[in-house]
Amino acid sequence: MCFRIARVVRDYAVGIMREPSALLPTNTFDDLTSRGWKASELRLKSWDDLQKLWYVLLKEKNMLMTQRQMLNAQNLQFPNPERIPKVRKSMCRIKHVLTERAIEDPDPRRSAEMKRMINAL
């Protein structure tokens with residue numbers, strides 16, 4: 001029994017060495033990238049969740065822009081350039097949802113304070 005398992009493992013390893021593409025997934029990287037956030041999804045989130053998501057997206061945008069700049073300096077192509085607009089659109093949608101909430105607030109002082117915070121983002 002152990003010999004049979006060892007032979008299967010050995011044959012599998014030899015097959016991978018001969019055909020390294022067997023380890024790669026069949027779908028492309030485009031299929032693995034996520035989509036942007038929809039405004040309807042963002043409206044369901046709390047103020048704190050939207051702020052956290054904003055900073056996650058900001059970090060992602062900075063990472064992508066840095067990566068693009070480094071690759072451009074080396075005359076290499078940036079993989080999946082459509083990721084940057086997805087992040088930017090999601091950030092714009094967060095600001096839109098927060099602005100909607102600020103406008104709907106009945107207290108004018110609180111509304112003005114919320115608008116100041118949103119504009120600082």
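Q: Contact means that heavy atoms lie within 4.5 Å. Leaving aside its neighbours within four places in sequence, with which residues is Ser-90 in contact?

A: This is a predicted model, in which local features need pLDDT of at least 70 and side-chain atom pairs count only at pLDDT 80 or more, while totals for chains, interfaces and linings use all residues. Residues are numbered from 1 along each chain as its sequence is written, and side-chain values use heavy atoms, with hydrogens and water left out. With neighbours within four places set aside, Ser-90 touches Gly-36, Trp-37, Leu-42 and Leu-57. Ser-90 itself is found in helix α5.

Q: How is pLDDT to be read, and what is its mean for the protein?

A: pLDDT is the predictor's confidence in each residue, from 0 to 100. The mean for the protein is 80, and 73% of its residues reach 70 or more. Over residues 12-31, pLDDT stays under 50, and the model has seven contacts beyond four places in sequence for that stretch.

Q: How many helices and strands does the protein have?

A: Helices (H or I, at least four residues) and strands (E, at least two) are DSSP runs, numbered from the N terminus. The protein has six helices and zero strands, so the pattern along the sequence reads α-α-α-α-α-α. Among contacts between residues at least 6 apart in sequence, 61% join residues at least 24 apart.

Q: Does Ser-90 count as buried or exposed?

A: Buried means under 20% relative accessible area, exposed over 50%, and partly exposed in between, with a 1.4 Å probe and protein chains only. Ser-90 is buried because its relative accessible area is 2%. Across the protein, buried residues make up 21% of the 121 residues.

Q: What does the accessible surface of the protein come to?

A: Accessible areas come from the Shrake-Rupley method with a 1.4 Å probe, and for residues only the protein chains shown count as cover. The surface of the protein comes to about 9500 Å², of which 58% belongs to carbon and sulfur atoms.

Q: Which residues have the most contacts inside the largest nonpolar core?

A: A nonpolar core is a set of buried Ala, Val, Leu, Ile, Met, Phe, Trp, Tyr and Cys residues joined through side-chain atoms within 4.5 Å. The largest such core has 18 residues, and those with the most contacts inside it are Leu-42, Leu-50, Leu-57 and Ile-94. At least two residues of this core come from each of α3 (39-42), α4 (47-73), α5 (83-104) and α6 (108-120). The most is given by α5, with seven residues. Beyond its neighbours within four places in sequence, Ile-94 is in contact with Leu-42, Leu-50, Leu-53, Trp-54 and Leu-57.

Q: What span should α4 have, and how far apart are its end C-alpha atoms?

A: The expected span of a helix is 1.5 Å times one less than its number of residues. With 27 residues, α4 should therefore span 39 Å, and its end C-alpha atoms are 39 Å apart, which agrees. The buried residues in α4 include Leu-50, Leu-53, Trp-54, Leu-57, Leu-64 and Leu-71. Their cover includes α3 and α5.

Q: How many salt bridges does a search of the whole structure find?

A: Side chains of opposite charge can pair when their charged atoms come close. A salt bridge is a side-chain nitrogen of Lys or Arg within 4 Å of a carboxyl oxygen of Asp or Glu. The search finds five. Among them, Glu-41 pairs with Arg-35, the closest N and O atoms being 2.6 Å apart. Glu-41 is partly exposed at 22% relative accessibility, whereas Arg-35 is exposed at 52%. Another of them joins Arg-110 and Asp-105 at 3.2 Å, N to O. Here Arg-110 is exposed at 52%, whereas Asp-105 is buried at 15%. Arg-116 and Glu-113 also form a salt bridge, with closest N and O atoms 2.6 Å apart. Both lie in helix α6, three residues apart, about one turn of the helix.

Q: Where is Asn-75 found, and what is its phi?

A: Most residues other than glycine have a negative phi. Asn-75 is found in the loop between α4 and α5, and its phi is positive, near 60°. Asn-80 lies in the loop between α4 and α5 as well, with a positive phi of about 55° although it is not a glycine. Asn-75 is exposed at 71% relative accessibility, whereas Asn-80 is buried at 9%.
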